[in-house]
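The following note sets out comments on the model shown below. Please read the numbered points alongside the sequence and the coordinates.

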Number of protein chains: 2
Amino acid sequence: MGDEFEDIETLFRPLAAGAPEALDLRDDVAVIPSRPGHDLVITKDAMVAGVHFLSGDPPDLVARKLLRVNLSDLAAKGAAPFGYFLSVHWPPGFAAPNRRLFADGLAEDQARYGLRLLGGDTVSTSGPLTVTATMLGWIESGRVVRRSGARPGQLVLVSGTIGDGGLGLMAARGELTVLAVHDREALAARYRLPEPRTAIPGVLRDCATAAADVSDGLLADAGHVAAASGVAIEIDLDRLPLSGPAQAWLQSQPDSAAALAILATAGDDYEIVCAAWPTEVERLIAASARAGVAMTAIGRVVEGAGVFPFCQGEPVSVARMGWRHV
Amino acid sequence: MGDEFEDIETLFRPLAAGAPEALDLRDDVAVIPSRPGHDLVITKDAMVAGVHFLSGDPPDLVARKLLRVNLSDLAAKGAAPFGYFLSVHWPPGFAAPNRRLFADGLAEDQARYGLRLLGGDTVSTSGPLTVTATMLGWIESGRVVRRSGARPGQLVLVSGTIGDGGLGLMAARGELTVLAVHDREALAARYRLPEPRTAIPGVLRDCATAAADVSDGLLADAGHVAAASGVAIEIDLDRLPLSGPAQAWLQSQPDSAAALAILATAGDDYEIVCAAWPTEVERLIAASARAGVAMTAIGRVVEGAGVFPFCQGEPVSVARMGWRHV
């Protein structure tokens, strides 16, 4: 089975190369010098096999998804990531080639996103594969984009497309046979490997007053923004930006309002929902487009409390606002 | 079963009170303003039921041990802790009263050590109770006490007493019936609730040039110092500081060199091993004593590589240098 010291030497020390903060992983701590004029933004997310990813998912994709769900949190706050701490809990029989694949996945996305491993630990567990990361990023002092900044009169926008994460989970489980094979594969790939919106933190800092990443489901995460801001948010489900496969799935469904509600409550999209003043929306959409990210206006901030989805102008009753891991 | 949002509201939000960095746990991130002239020191440690603590251990003690093993890492580096991120993975059937006990344990040691919860997440797992913390502390710039600073000619010292953690694990498992009940209870309590040496970071910064906490076992952790420093370390097992219960156990053993080696290779002591120049040792011992911590000279740094235990002047062969969780 895994030997912690050997794993650190062969798998993880190379991932800390080039990061003086990591002290070569020799000290059980990392040291981050203060950067005057800047705040450190820190997030911590855990993933458990069978809960946050499928037990059979390839280890390199699990590693990359772990980094990406944490990157998504930092992107939504307007921060620029630079490094992370890792805890990996190897289950019984998780052999050396799988551990190597896991480390390879980390290396690949470290290069893609400019990250370095700063520290952490590896342990064994009698339970499922469990991975947690603590991700660090810098932002100019006082400029973090909070959930609490939404105000009545603002518009609500969302990046990319909504619902692919939830459909992707179904596809990865072998469901959704109503769709063509290539659509199912595209959705499953999106579930296994989300694309965090790391290209637009600057746009969010400049143009939005509140933001959150869409991990629990669009309505749930819009609800977090509404609750933190003390406002209500109305969402036009007809305006949800949908991928081709999601549109194909929608057309296969008998009740399109119910189907749209499923897409708006499924988790794992890792898009960003934000609120901006109408005067800023055009600039927000144009700047995001230049960064390669589509932003779509899907609703508005109003007085009150809660999230209110509409379809064809009629309120839609949604029993479950988003995915809760229970 | 556990509901993540309810747990956050009732159990964890109160633990973040008074920490503006935590953004009231409403943003999935914490924001740490830079502190000019200071470095942030960060450590991350995970604990799994059945590996790092016993499955039947009281949840409040598990919570407190989690904070303390991380505090021990920061203390050994000379840093002053202020807050932490938490991931808790509730196993099936870990009911509300147990979750409440866990949070109560956090609250108790937060008050004792001046800590605030900064963020994190709670998830469910099909496996054992799993908890990880990322602990943050401040230190004046460039003053972190590394493992790599040991030099030939220095003495090696250790805080408190050695071997109680390993004996305590045996006692907690119902072994060690050779000892009196009150000795077994004292050792088991030490295993379940270590006392991190948070009183002496300033002494270490001023008087030591290398330090590590003793979590894997004295010889293993002295070995980490030796390896990081490019030196060898000799340890006189006869000089090991032993608690009363450990002395009683030692006297029950037929081979005292072998018994001392067991104490020096057992894990979970959460003492501090450090290296200092002979001219600094008297000051180091006196200043530690004023802070309520006994420091004992147990060995010396020499040219070479590795750790060499001696007993009655004779080398002792030790097959296993420390506890590895495999």
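Which backbone nitrogen lies 3.0 Å from a polar atom of the side chain of T125(A)?

1. The backbone nitrogen is that of G127(A). This is a polar contact (a pair of N or O atoms within 3.5 Å; within protein, one must be able to donate a hydrogen and the other to accept it, and residues adjacent in sequence count only if both atoms are side-chain atoms). T125(A) is placed in the loop between β4 and β5 of chain A; helices (H or I, at least four residues) and strands (E, at least two) are DSSP runs, numbered from the N terminus. With a relative accessible area of 6%, T125(A) is buried (buried means under 20% relative accessible area, exposed over 50%, partly exposed in between; 1.4 Å probe, protein chains only). Apart from neighbours within four places in sequence, T125(A) is in contact (heavy atoms within 4.5 Å) with residues of both chains, including W90(A), V48(B) and P128(B).

2. On provenance: the model is predicted, local features need pLDDT of at least 70, side-chain atom pairs count only at pLDDT 80 or more, and totals for chains, interfaces and linings use all residues. Residues are numbered from 1 along each chain as its sequence is written, chains are lettered from A and ligands numbered from 1 in the order in which they are written, and side-chain values use heavy atoms, with hydrogens and water left out.

3. The interface brings 59 residues of chain A into contact with 59 residues of chain B. The two chains bury about 4900 Å² between them, 54% of it on carbon and sulfur atoms; buried area is the accessible area (1.4 Å probe) that two parts lose on being put together, summed over both. Within chain A, the residues that lose the most area to chain B are F5(A), I42(A) and K44(A), together 14% of what that side buries.

4. Between chain A and chain B, 29 residue pairs are in polar contact, both residues being at pLDDT 80 or more. On the side of chain A that touches chain B, β2(A) supplies the largest share, 10 residues. A30(A) stands opposite I42(B) in β2(B).

5. Salt bridges (a side-chain nitrogen of Lys or Arg within 4 Å of a carboxyl oxygen of Asp or Glu) number 6 across the interface of chain A and chain B. One joins K77(A) to D27(B), at 2.7 Å, N to O.

6. Over all chains, the whole structure holds 46 salt bridges. R68(A) and D109(A) form one at 2.6 Å, N to O. R68(A) lies in helix α2 and D109(A) in helix α3 of chain A, so the pair ties together parts that are 41 residues apart in sequence. R68(A) is buried at 1% relative accessibility, and D109(A) is buried at 0%.

7. R283(A) and E280(A) also meet in a salt bridge, at 2.7 Å, N to O. These residues are 3 apart in helix α10 of chain A, about one helical turn. R283(A) is partly exposed at 43% relative accessibility, as is E280(A) at 22%.

8. D268(A) occupies the loop between α9 and β9 of chain A and counts as buried at 11% relative accessibility. The side chains of D268(A) and Y270(A) are joined by a polar contact of 3.2 Å. P194(A) is 74 residues from D268(A) in sequence and 7.7 Å away in space, C-alpha to C-alpha.

Conventions: Two strands pair if DSSP finds at least two bridges between them.
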